[in-house]
Amino acid sequence: MEEFHKVRRLPPYVFEQVNRLKAAARAGGADIIDLGMGNPDLPTPQAIVDKLCEVVRDPRTHRYSSSKGIPGLRRAQAAYYARRFGVKLNPDTQVVATLGSKEGFANMAQAITAPGDVVLCPNPTYPIHAFGFLMTGGVIRSISVEPDDSFFPPLERAIRHSIPKPIALIINYPSNPTAHVASLDFYKEVVAFAKKHELVILSDLAYAEIYFGDVPPPSVLEVPGAMDCTVEFTSMSKTFSMPGWRMGFAVGNDRLIAALTRVKSYLDYGAFTPIQVAATHALNGDGSDIAEVRAIYKRRRDVMVEAFAKAGFEVPPPEATMFAWAKIPEKFRHLGSLEFSKLLVEKADIAVAPGIGFGEQGDDYVRIALVENEHRLRQAARNLKRFFSSADDTLHNVISLNARR
Ligand SMILES: Cc1ncc(COP(=O)(O)O)c(C=O)c1O
């Protein structure tokens with residue numbers, strides 16, 4: 001029987017191949033250090049868990065909830081935007097709660113895309129940015145990730161040579177997987193570009209709060225006039241270590257938010273009310289939980305970068321996100337990111353995400369997620385060192401002779 005139309009557009013998740021190897025190695029007794037998935041290992045702050053437990057005892061909260069989010073939650077998200085970005089949002093028309101930002105993004109794609117519509121999407125990028133549109137019959141045109149002057153000339157060309165004209169531009173800063181961070185000046189140019197070409201901007205700001213420098217990442221909605229054409233997605237998953245709770249937001253342009261709200265009203269009844277109340281409590285907090293999470297990732301970043309460099313793997317320190325984007329050491333680069341990642345599982349007991357899983361432009365890289373503690377990161381570096389020093393003698397079949405020192 002022929003594969004279903006939609007399913008044919010979804011190749012097997014590349015990460016699954018590494019996951020399968022990882023599971024097999026663990027079943028064989030290996031202690032795999034898992035830096036693969038961006039699945040935060042930190043517990044959700046106790047006060048948020050306590051609020052959930054308190055609210056869940058009230059049977060009134062067991063009924064269907066509100067698809068667009070309870071009013072207090074939408075108000076809390078609007079207050080966060082006012083506090084953090086100086087952006088004023090109407091909680092009734094410019095904010096919708098989503099079942100994680102991934103769901104929000106995918107359903108926004110569904111809401112605004114007609115078959116054959118062209119969308120400008122970074123490569124490499126978090127997979128839902130492309131597949132959200134591919135699933136709804138859209139067409140992807142890849143653009144660059146680097147948020148500097150080199151971003152615009154290829155974008156101009158992409159617009160000029162796309163038929164039909166693209167409808168939307170996806171941006172994601174701080175970026176998963178590359179950890180690039182955008183400035184407000186860059187966003188000003190993006191907004192001007194989008195207006196000139198009548199594009200919708202979909203901005204994924206999932207890592208708004210995971211940054212290590214002095215300047216917090218801006219929101220594109222800070223640009224005057226951005227509200228005319230922009231929706232931005234944020235997530236509780238990383239900020240409050242709540243990945244399993246499935247809580248995120250879309251905010252911005254009224255018409256776009258109304259389209260997403262309409263689609264969602266047909267699909268879901270919103271997150272479980274106790275989760276929405278606990279999320280409200282989190283957003284209305286004093287920010288100390290966020291600062292703690294940030295500090296933990298920063299320490300891990302520093303430990304990993306230093307220890308990996310000593311082991312012979314130079315990894316640029318990310319300025320934001322919980323990921324490092326590392327070029328594969330030269331002598332292994334010809335293998336491609338998937339084979340290199342498999343080798344790391346088999347020979348070094350380390351799982352990473354192969355860059356190819358984020359788009360073909362990522363194949364010279366692997367993504368290292370900071371989701372194990374400092375001790376385990378140092379252990380990973382020791383494993384790497386052992387692997388690198390024995391590779392020349394043990395991997396004749398994968399390291400070509402001219403690549404050997
Ligand atoms: C860039 C980016 N966007 C969205 C998501 C999904 O987040 P959520 O858990 O809110 O669906 C992730 C998760 O890793 C991400 O890295």
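## Cavities and a buried alanine

In this predicted model, the largest cavity is lined by Gln77, Tyr80, Ala208, Glu209, Thr234, Ser235, Met236, Thr239, Phe240, Phe249, Leu283 and Ile290. Helix H4 (71-85), strand S7 (230-235) and helix H9 (236-239) are the elements that give two or more residues to this lining. How many cavities of 30 Å³ or more are there? The count comes to four.

The second largest cavity has its own set of lining residues: Ser66, Ser67, Gly69, Leu73, Ala97, Thr98, Leu99, Met247, Lys264, Gly270, Ala271 and Gln276.

| Cavity | Volume | Lining by class |
|---|---|---|
| Largest cavity | about 80 Å³ | seven nonpolar, four polar, one charged |
| Second largest cavity | about 40 Å³ | five nonpolar, six polar, one charged |

Now for the single residue. Is alanine 348 buried or exposed? Alanine 348 is buried, because its relative accessible area is 1%, and buried means under 20%. You will find alanine 348 in helix H14, which covers residues 337-348.

Which residues does alanine 348 touch, leaving aside those up to four places away in sequence? They are Leu343, Asn383 and Phe387. Take phenylalanine 387 as an example: 39 residues separate it from alanine 348 in sequence, yet their C-alpha atoms are 5.7 Å apart in space.

Methods:
Residues are numbered from 1 along each chain as its sequence is written. This is a predicted model: local features need pLDDT of at least 70, side-chain atom pairs count only at pLDDT 80 or more; totals for chains, interfaces and linings use all residues. Side-chain values use heavy atoms; hydrogens and water are left out. On a 1 Å grid over the protein atoms alone, a cavity is a set of points where a 1.4 Å probe fits but cannot get out, and a pocket is an open set with protein on both sides within 12 Å along at least five of seven lines; lining residues have an atom within 4 Å of a point. Grid points are joined across faces, edges and corners, and a volume is the space filled by probe spheres set on the points. Helices (H or I, at least four residues) and strands (E, at least two) are DSSP runs, numbered from the N terminus. Ala, Val, Leu, Ile, Met, Phe, Trp, Tyr, Cys and Pro count as nonpolar, Asp, Glu, Lys and Arg as charged, and the others, Gly among them, as polar. Buried means under 20% relative accessible area, exposed over 50%, partly exposed in between (1.4 Å probe, protein chains only). Contact means heavy atoms within 4.5 Å.
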